Amino acid sequence: GLGGMIDPRALGVGYDNIAHLLTGQTIATAALTLLAVKAIIWAVALGSGTSGGVLAPLLIMGGALGASLSGYLPSASPGFWALVAMAAMMGGTMRSPLTAMIFALELTHNIGAFLPLAIGCIMAHGTTVLLLKRSILTEKVARRGHHVLREYIVDPFEVMRVG
């Protein structure tokens with residue numbers, strides 16, 4: 001509730017925020033505020049154990065980061081850096097860079113962004129593989145005692161008892 005008082009755009013699903021970030025309608029200071037408030041709200045929601053969304057918050061936070069840094073990056077069309085950061089955030093955090101690239105291309109129909117998207121998503125994926133044990137999608141499963149190997153399988157020897 002407090003986050004909504006600071007920036008009401010951070011509440012709800014946020015598809016309108018994603019659209020505004022991709023069209024370049026969000027200025028850097030507003031994007032930074034949105035990023036900070038959405039990150040805090042999302043962290044509190046995930047930390048409390050609620051089953052909330054992952055996709056839209058990642059897209060909003062990645063897009064807001066890209067929009068806020070676009071003034072410091074090489075000039076491009078409005079929303080370009082928001083798109084690249086949005087896909088990189090999704091691809092790295094969920095450890096699915098190809099899905100993030102295709103998702104971003106489907107969202108914008110901008111095939112010219114494929115190479116920057118590929119570079120951003122692969123770099124983000126590599127960073128999270130090196131820094132984190134698991135992805136956000138498998139962390140909750142691991143906390144329940146099912147240790148996940150290679151992201152998508154449960155080691156049968158971890159759950160089988162030998163008498």
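Of the 163 residues in the protein chain, 39% are buried, a word that here means under 20% relative accessible area, with exposed meaning over 50% and partly exposed in between (1.4 Å probe, protein chains only). This is a predicted model, in which local features need pLDDT of at least 70 and side-chain atom pairs count only at pLDDT 80 or more, while totals for chains, interfaces and linings use all residues. Residues are numbered from 1 along each chain as its sequence is written, and side-chain values use heavy atoms, with hydrogens and water left out.

The protein chain has 9 helices and 2 strands, where helices (H or I, at least four residues) and strands (E, at least two) are DSSP runs numbered from the N terminus. Read from the N terminus on, the order of these elements is α-α-α-α-α-α-α-α-β-β-α. The C-alpha trace spans about 65 × 40 × 25 Å along its principal axes. If we take the contacts with a separation of 6 or more, 63% of them join residues 24 or more positions apart, and contact here means heavy atoms within 4.5 Å.

Helix H3 covers residues 28-47 and helix H4 covers residues 55-69, and the two pack at an angle of about 150 degrees with their axes 8 Å apart; axes are lines fitted to C-alpha atoms, for helices over the stretch in contact, and angles run from 0 to 180 degrees between N-to-C directions. H3 and H4 are therefore roughly antiparallel to each other, since angles over 145 degrees count as roughly antiparallel, under 35 as roughly parallel, 65 to 115 as roughly perpendicular and the rest as oblique. From H3, the residues that take part include Leu-32, Leu-35 and Trp-42, and those they meet in H4 include Leu-58, Met-61 and Leu-65. By class, this contact of H3 with H4 has 14 nonpolar, 1 polar and 1 charged residues, where Ala, Val, Leu, Ile, Met, Phe, Trp, Tyr, Cys and Pro count as nonpolar, Asp, Glu, Lys and Arg as charged, and the others, Gly among them, as polar.

H4 also packs against H5, and the axes of H4 and H5 come within 7 Å and cross at roughly 135 degrees. That makes H4 oblique to H5. Among the residues of H4 in this contact are Gly-62, Gly-63 and Gly-66, while those of H5 include Trp-81, Ala-85 and Met-89. The residues of the contact of H4 with H5 divide into 11 nonpolar, 4 polar and no charged.

Helix H5 itself, residues 80-93, reaches 20 Å from its first C-alpha to its last, close to the 20 Å expected at 1.5 Å a residue, the expected span being 1.5 Å times one less than the number of residues. Because 11 of its 14 residues are buried, H5 is largely enclosed by the rest of the structure. Its buried residues include Phe-80, Leu-83 and Gly-92, and what covers the buried residues of H5 includes helices H2, H4, H6 and H7.

Most residues other than glycine have a negative phi. Arg-95 counts as buried at 10% relative accessibility, whereas His-109 is exposed, with a relative accessible area of 70%.
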